[in-house]
Amino acid sequence: MPVKNRFAEMLPELTAIRRDFHQHPELLFDVHRTAARVAELLRAWGCDEVVEGIGRTGVVGVIRGRTDSRGRVIGLRADMDALPINEQTGAPHASTVPGKMHACGHDGHTTMLLGAARYLIETRAFDGTAVVIFQPAEEGGGGGREMVADGLVDRWGIQEFYGMHNMPGIPVGHFAIRPGAMMAAADQFEIVLTGKGGHAAKPHECIDTTLVAAHVIVALQTIASRNVDPMKQVVVSTCTVETDSTAHNVIPQVVRMKGTVRTMDPRVQDFVERRIAEIAEGTALALGARAEVHYQRGYPVTVNSVDETEHAAAVARQVSPHVDTDTPPLMGAEDFSFMLNERPGAYIFLGNGDTAMVHHPAYDFDDAAIPFGASWYAGMVEARMPAA
């Protein structure tokens, strides 16, 4: 395949770019070095328009095809931010920044989209406009939401969005996708329990918030096991428990708990939000304490539209014979969902081989995946906007 061959030629240079990003990870919206390098490369390669500062630190590049007879515009998105993790890969290109590493492969995503952009600039064998989107703050900051709010869709008239994520455990060169819900909505909650602190030797004179917290944690698990239809996906996880005392002989006055909720159905999401409050407040009341519940909606469900999923799968089949179109949905979340809420599109997984899972300190992106991902990005533009 010509696209794939061109990316094989580019691979040494793209690998060097990827490893440079990997050595200099940046978090959330603080991706100034990465964004500047992306903009610099796009301009050097002849991108028609490069705009920085969209969604605070995002970069948008515009590439015009040889013709534009129908006014078609396709958006391709990659994320740029890293994670607050100490790297343990031992790789020569390991992070040079203590406490930060590209543990999710966003360095690879950015590099693959840069490679696709360079190819599209060189060839321009399409009828329309390709918009390449480099997003900050996917890892919890909602950079996708910020770019949409900053006019991403209307300013460039984007009609369809396509995005990609690497996936350890799937062989390099294999793709996986599904129509409908692909990744979960991710919400978070905080429960503040207030009782009556005191001496641990006199529990009868106290209202033990640690004991209340234990009952609340267990009771929250009944949401998935006893309240929600077993055919519906839901995860309720209490992940942190903090008391206002660290002494071994003090019953704390206050306990704070934080956790996450993952759902695939908006009706289940609404129910879980209400049920968490009912359980926390009811359990606390029964044990003499008081509960204050704060619930925050996060990333929406990532939903692949049916037609665009088939288009994405068809292009993947041109790149590789290994395309799974019925991959199970994941309870992880992705803020590409904000773009898919604005326009139809699809999100696809690309194999990263037998590596550590994402968000693990030993994870690293497999550079052999670059030609496959870049080919898919470029192929989406050529397939959805064929040359006139």
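Predicted model: local features only at pLDDT ≥ 70, side-chain atom pairs only at ≥ 80, totals over all residues.
H3 is mostly covered, since 16 of its 18 residues are buried. At 1.5 Å a residue, the 18 residues of H3 should span 26 Å, and this agrees with its end C-alpha atoms, which are 26 Å apart.

## Residues around strand S4

Just after H3 comes Arg124, found in the loop between H3 and S4, with a phi near 50°, a positive value in a residue other than glycine. With a relative accessible area of 18%, Arg124 counts as buried, because the cut-off for that class is under 20%. A second residue with a positive phi is Ala137, which takes about 55° although it is not a glycine; Ala137 is placed in the loop between S4 and helix H4 (143-149), and at 0% relative accessibility it counts as buried.

Within strand S4 itself lies Thr129, which is buried, with a relative accessible area of 12%. Leaving aside residues up to four places away in sequence, Thr129 touches Val62, Ile63, Arg64, Asp68, Arg72, Val73, Ile74 and Met385. Ala94, by contrast, stands 35 residues from Thr129 along the chain, and the C-alpha atoms of the two are separated by 36 Å.

## The four-stranded sheet

Another open sheet consists of four strands in the order S10-S12-S8-S13, with antiparallel pairing. Strand S10 (234-243) and S13 stand at its edges, each with a single partner strand, so one side of each is left without a neighbour in the sheet. Direction ignored, neighbouring strands of this sheet are turned by 20° against each other on average. S10 and S12 run antiparallel and are joined by nine bridges; Val234 has Thr263 as its bridge partner in S12.

Helix H6 (residues 209-220) packs on this sheet, touching S8, S10 and S12, and its direction makes about 150° with that of S8. Helix H8 (residues 266-286) lies across S8, S10, S12 and S13 and runs at about 165° to S13.

## The largest pocket

The largest pocket has a volume of about 850 Å³. It is lined by 33 residues, of which Gly140, Ala186, Arg262, Tyr299 and Ala333 are the closest to its centre. Two or more lining residues are given by each of S5, strand S8 (185-194), strand S12 (254-263) and strand S13 (290-299). S13 gives the most to this lining, with six residues.

How values were computed. Residues numbered from 1 in each chain as written. Heavy atoms only, no water. Expected span 1.5 Å × (residues − 1). Buried < 20%, exposed > 50% of the residue type's maximum accessible area, 1.4 Å probe, protein only. 1 Å grid on protein atoms, 1.4 Å probe; cavity = no way out; pocket = protein on both sides within 12 Å on 5 of 7 lines; lining within 4 Å. Points joined across faces, edges and corners; volume = space filled by probe spheres on them. Contact = heavy atoms within 4.5 Å. Pairing = 2+ DSSP bridges. Axes fitted to C-alpha atoms, helices over the stretch in contact; angles between N-to-C directions.
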